[in-house]
Amino acid sequence: MKRSVLSATLGLALAAGLAALPGAAVAAPAAPAAPAAAVQGYTAPTYAGSVAETADNQAFFQAVMASAKAKQAANPWLRTVVVTYDTANAPSFTNEIAQAAQIWNSSVRNVQLQESDSGDFSYYEGDDSRGSYASTDGHGHGYIFLDYQQNQQYNSLRVTAHETGHVLGLPDHYSGPCSELMSGGGPGTSCTNPYPNSTERSRVNNLWVNGLAPAN
């Protein structure tokens with residue numbers, strides 16, 4: 001659900017998909033460089049997709065998928081892949097993250113999200129002019145960045161659930177209605193729906209069928 005303030009990332013329709021981990025977040029091994037300073041008091045942007053944003057969504061999904069495929073190889077009979085995440089660097093959003101994971105876990109059957117000290121991807125928090133987004137650190141590890149200002153302006157659970165949708169392979173679709181989770185911030189700040197619709201749930205199940213996800 002990125003916030004396309006400057007360019008576009010994978011965010012709750014509010015972020016630009018750059019492989020840069022904001023300096024406000026706790027540093028992590030092989031973390032990207034810090035982005036530009038946050039813009040104070042920004043207003044809702046106009047949401048639009050981009051080639052770069054689509055590429056970042058795909059890169060993030062593939063980074064997480066690499067770990068999932070390793071689990072599949074270790075257990076060829078595995079029918080439900082468990083994708084793990086860590087929240088150590090996003091302490092202010094632990095409740096939203098847990099709720100978002102629960103929403104997805106109750107919505108799909110072929111992949112489940114589970115918290116771990118060493119996850120397939122990580123959550124970070126801080127201030128960033130681009131808003132919240134999902135990306136990779138360039139070293140095969142995915143991360144979701146949750147921006148403070150955006151999470152005050154928009155429904156925080158929707159932001160978090162939307163960004164988590166990128167982990168499972170869903171792209172942004174800013175022109176969609178509020179009932180579509182991956183429409184992100186497109187429907188405006190009044191939209192508070194944190195649940196994927198039937199089409200989104202079906203797409204995730206198809207991507208992860210039998211523990212496999214052909215990234216097309």
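**Aromatic pairs and the core**

Me: How many aromatic pairs does the count come to?
Reply: Seven aromatic pairs, taking Phe, Tyr and Trp rings (the six-membered one for Trp) with centres within 6.5 Å. It's a predicted model, where local features need pLDDT of at least 70, side-chain atom pairs count only at pLDDT 80 or more, and totals for chains, interfaces and linings use all residues. Residues are numbered from 1 along each chain as its sequence is written, and side-chain values use heavy atoms, leaving out hydrogens and water.

Me: Are Y85 and F121 stacked, tilted or edge-to-face?
Reply: Their planes sit at 40° with the centres 5.9 Å apart, so the pair is tilted; stacked is under 30 degrees, edge-to-face over 60, and tilted the rest. Y85 is in strand β1 and F121 in strand β3, 36 residues apart. Strands are DSSP E runs of at least two residues, helices H or I runs of at least four, numbered from the N terminus.

Me: Buried or exposed, those two?
Reply: Y85 and F121 are both buried, meaning under 20% relative accessible area with a 1.4 Å probe, protein chains only (exposed is over 50%, partly exposed in between).

Me: And what about Y133 and Y143?
Reply: Centres 6.3 Å apart and planes at 70°, so that pair is edge-to-face. Ring pairs also join Y133 and Y143 with Y124 and F145 in a cluster.

Me: New topic: which residues have the most contacts inside the largest nonpolar core?
Reply: V83, W104 and F121, in a core of 31 residues. A core here is buried Ala, Val, Leu, Ile, Met, Phe, Trp, Tyr and Cys joined through side-chain atoms within 4.5 Å.

Me: Which element gives the largest share?
Reply: α2, with five residues.
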